[in-house]
Amino acid sequence: GHLAPALLTAMVLLVPVAYTSYVGLDSYRNAEGFFRDDYRSLAAYIQAVAGPEDAVILNAPGQTEVFSYYYRGPASVYPLPRERPPDRDALQRELERIVAEHPRVFAVFWAVAESDPGSSMEAWLDLNAHKAIDRWYGNVRLATYESPPASMDRRQANMVFGDRITLESYAVATEPVTPGTALPIEFHWRLLEPSREPVKVFIQALDGQSNIVGQRDTEPLSGRMPVADWSVGEVVVDREAVPILLGTPPGDYTLVAGLYDAGSGTRFTLPDGSDHISLGQMTVASSDKVLDPAALRLLVRREMGFGDARLLGWNVGLLGGSATTQMQVSPGQPLSAVFYWRMEKARPVRLIFALEANGAILPLGEQGLLEGTLSPTDWQLGQVYRDPHILFVPGDTAPGTYILSVRVETAEGQGQVDLGRVRVD
C-alpha cells in the first residue's frame with residue numbers, strides 16, 4: 001500500500017493548484033453537512049491558535065457582543081476602524097502599532113461596505129503583513145496575518161517562470177511555527193513582459209509522504225496589485241504566509257512554490273521543465289495547547305473509540321477536490337482520507353483501506369497511523385493529530401459503486417468505519 005515518496009510528490013504536485021487550495025485550507029464551505037452561519041466555529045479556531053501575545057481585530061461594532069460571547073481566549077481585541085468613515089491616517093497608525101506589538105493578527109470582517117467602504121484596513125494589512133488565511137464562516141470572514149518576523153533566511157533565485165516573471169529572490173522565516181499559525185515568506189518578483197492575464201502564486205508545505213499540511217493560493221500581494229498593473233522591470237515585494245493545518249504533528253516539512261494562470265490553472269514552467277521550486281525546509285513545533293475538536297472543519301464529525309485511539313472525525317474526497325462522502329473517480333485516480341485522532345496511549349495503530357461491493361473486497365493498502373511522520377513514542381498523549389492518507393484506486397477496478405472503508409487495528413482489538421461511497425467510471 002506504499003508508493004515511493006518521489007512518485008507521491010509528483011502525483012501531489014501534478015494536482016491542479018486551483019483545486020488543491022480547496023483541500024489544503026479553505027474548502028468544505030459548501031460541503032454537505034457543513035458550517036452554519038455563526039461565530040462559534042470562527043471563535044473556536046481563534047481560541048485554538050491565538051495566544052496572549054496575539055491580536056484580534058473586529059471591523060464592525062455589532063460584532064463585539066456576539067464575538068465575545070463565543071471567544072474566551074487571551075488575545076487582545078481591537079474594534080477597528082473606530083469611526084465612520086474611517087480616518088485613514090489614524091487607522092494606519094493604529095494598524096502599524098498593532099502589527100509592531102503583536103506577532104499575529106486575526107481580522108474578523110462583517111459588513112465591510114458599511115464599516116470600511118474602501119477596504120483600507122484590509123488593504124494595508126494585505127500589503128504590510130504576511131497574509132495566511134482568508135476564509136468564510138457563513139457570512140462572516142476571517143483573515144489571518146503574521147507580522148514581519150525579526151529573522152528571515154534570504155536567498156537569491158533568479159528563476160524565470162513561463163518566460164514572463166522572474167523570481168529574483170525570496171526569504172523564509174527561520175523560527176518554528178505551531179499548527180494553526182503560519183510561516184512568513186517574502187517573494188521579490190520582476191515582470192519581463194506586459195501581462196494581462198491574472199496570475200496566482202502557490203505555496204505548499206509537504207510531509208515525507210507528500211501530503212499537504214499547509215497551503216496558500218493567491219494573487220501576488222493578495223490581489224491588491226494585479227500583475228496587469230506591474231511595470232516591466234519593476235521589482236514587486238510580495239508578503240505571504242503558508243498556514244499549517246491544525247493537528248499537524250511536529251517535525252520538518254518541505255516547502256515548494258510556483259506560479260500558475262488563474263483562469264486555466266496551468267502552472268508556469270521553469271527553463272528545466274519543472275513547475276515549482278523548493279524553498280527548503282520548515283519546522284513545525286508541538287503546540288502547548290490541547291486542540292479542541294470544535295476548531296476543526298470536519299466533513300464528518302463522529303467520535304469513535306478504538307481502544308486507546310479515539311477517532312474524532314474525518315474528511316474524504318478526491319485528492320485535490322472538495323470534501324464529500326459521494327466520490328466519482330476513474331481507475332488509477334488518487335483519493336484523500338484525512339483523520340483526526342486523540343491518542344490516550346503510545347501504541348501503534350494500523351489502518352487497512354478497501355473498496356467493498358456485493359461482498360467483494362478490493363484492498364487499497366495498509367498504513368500506520370501517522371506512519372513516517374511521528375512515531376508512537378513521540379505522541380503527545382491527549383493531543384489531537386491530523387492523519388492524512390493518499391489512496392489510489394487500482395487501474396483494473398471494475399466500474400460500479402463501492403463503499404470506501406477503513407479497518408482500524410489496535411492492541412485492544414479492531415473495528416471498521418465506512419467513510420463514503422465511491423463510484424468508479
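Rings of Phe, Tyr and Trp (its six-membered ring) pair if their centres lie within 6.5 Å, and planes under 30 degrees apart count as stacked, over 60 as edge-to-face and the rest as tilted. The model is a predicted one, in which local features need pLDDT of at least 70 and side-chain atom pairs count only at pLDDT 80 or more, while totals for chains, interfaces and linings use all residues. Residues are numbered from 1 along each chain as its sequence is written, and side-chain values use heavy atoms, with hydrogens and water left out.

**View A. Aromatic pairs.** A search of the whole structure finds 8 aromatic pairs. Among them, Phe 67 and Tyr 71 are stacked, with 5.1 Å from centre to centre and 25° between the planes. Phe 67 is buried (under 20% relative accessible area, with exposed over 50% and partly exposed in between, for a 1.4 Å probe and protein chains only), its relative accessibility being 2%, and Tyr 71 is buried at 6%. The rings of Tyr 69 and Tyr 70 have centres 4.9 Å apart and planes at 90°, and the pair is therefore edge-to-face; Tyr 69 is exposed at 56%, whereas Tyr 70 is partly exposed at 25%.

View B. Asp 54 is buried, with a relative accessible area of 0%.
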